[in-house]
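This report describes one protein chain for a reader who is new to structures. Look at the model first, then read the sections in order.

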Amino acid sequence: MTNSRTGTQIRLALTETPEIQEPLVVYAKMKNIGDDRIILDTQIPEEDIYYVYAKGGLDSTFTDPALALQRADDQTGVVLNRAQQYVWERGNKKTKLTLNLEDVPEAMKSASLDVTALQEALGDEGTIIDLSGCTLDSVLYEVSAQRPVIAKTGDNTSVVIIGYDEYNTYLYDPQKGETYPYGMNDSTELFEKAGNIFISYVEKLKL
């Protein structure tokens, strides 16, 4: 139940009678002392916000998903977006996974490195996230979460990471229309030489 003056009230329906009949009620108060006015910012920022949770609480917030991921990696935490979707989790990556190419959005199959063009092509399917600067091991979580990752391989070349296992990544080459395995160590070296430029997306929740 919501009220513009009192905020949000949550009612808990219990299947068993609680031992204490009288609930503990806590009231939040805000006082204004003197002539100083309290101004509450009610504007919703236009940028996407990424929240890093670690060690039992909110650690930090970022508008750059790559920085949020790196922070979460350092703190053994997780990254959530404004919709409270998991963008990244430390230690929750499957040991191997390969996406069905037919399930990969056409925008991602293009392997374009133009974030703006990718977002326009992806439309309402999701929100593009630029994870440039992160490690291959980190961005493979996105593949584990059923999200392909575009990776730069050279000056004018890129591929789509659609799978991995203990020994290989599985790369889709849009120029040839082929998928092939590539050694994990070789993949790491290849992407590092290209600047670790990675792009993925987070699907939009359907209401």
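## Salt bridges

A salt bridge is a side-chain nitrogen of Lys or Arg within 4 Å of a carboxyl oxygen of Asp or Glu. In this predicted model, the side chains of R90 and D73 form such a pair, at 3.1 Å from N to O. R90 sits in the loop between β6 and β7 (97-98) and D73 in helix α1 (residues 65-75), so the bridge ties together parts that are 17 residues apart in sequence. R90 is partly exposed, with a relative accessible area of 39%. D73 is also partly exposed, at 24%.

The structure holds seven salt bridges. Another of them joins E106 to K109, whose closest N and O atoms are 3.3 Å apart. These two residues are three apart in helix α2 (residues 106-109), which means that about one helical turn separates them. E106 counts as exposed at 60% relative accessibility, whereas K109 is buried at 17%.

## A network of charges

R147 and E203 meet through their side chains in a salt bridge of 3.2 Å, N to O. R147 lies in the loop between α4 (136-144) and β9 (149-152), and E203 in strand β13 (residues 198-203), so this pair ties together parts that are 56 residues apart in sequence. Salt bridges that share partners join E142, R147 and E203 into one network. R147 is buried, at 4% relative accessibility; E203 is partly exposed, at 31%.

## The overall chain

The chain has 207 residues, of which 35% count as buried. Five helices and 13 strands are found in the chain. Of the contacts between residues at least 6 apart in sequence, 56% join residues at least 24 apart. The chain exposes about 14,400 Å², and carbon and sulfur atoms supply 48% of this area.

Strands β5 (residues 78-81) and β6 (residues 86-89) run antiparallel and are joined by three bridges. V78 stands opposite E89. The two strands form a hairpin with four residues between them, and Q84 in the turn has a positive phi of about 65 degrees.

## Nonpolar residues inside and outside

In soluble globular proteins, nonpolar side chains tend to be buried together. The largest nonpolar core here has 42 residues; V79, L136, V143, I161, F191 and F198 touch the most other members. Beyond its neighbours within four places in sequence, V143 contacts residues including L97, L99, V149 and I161.

Which residues form a nonpolar patch on the surface? They are I10, L12 and L14, with about 390 Å² of accessible area together. I10 lies in the loop between β2 (7-8) and β3 (50-54) and counts as exposed, at 71% relative accessibility.

Definitions and conventions: Residues numbered from 1 in each chain as written. Predicted model: local features only at pLDDT ≥ 70, side-chain atom pairs only at ≥ 80, totals over all residues. Heavy atoms only, no water. Core = buried A, V, L, I, M, F, W, Y, C linked by side-chain atoms within 4.5 Å. Buried < 20%, exposed > 50% of the residue type's maximum accessible area, 1.4 Å probe, protein only. Contact = heavy atoms within 4.5 Å. Pairing = 2+ DSSP bridges. Patch = residues over 30% accessible without salt bridge, like charges linked within 9 Å, V, L, I, M, F, W, Y side chains within 5 Å. Areas by Shrake-Rupley, 256 points an atom, 1.4 Å probe, with all protein chains shown as cover.
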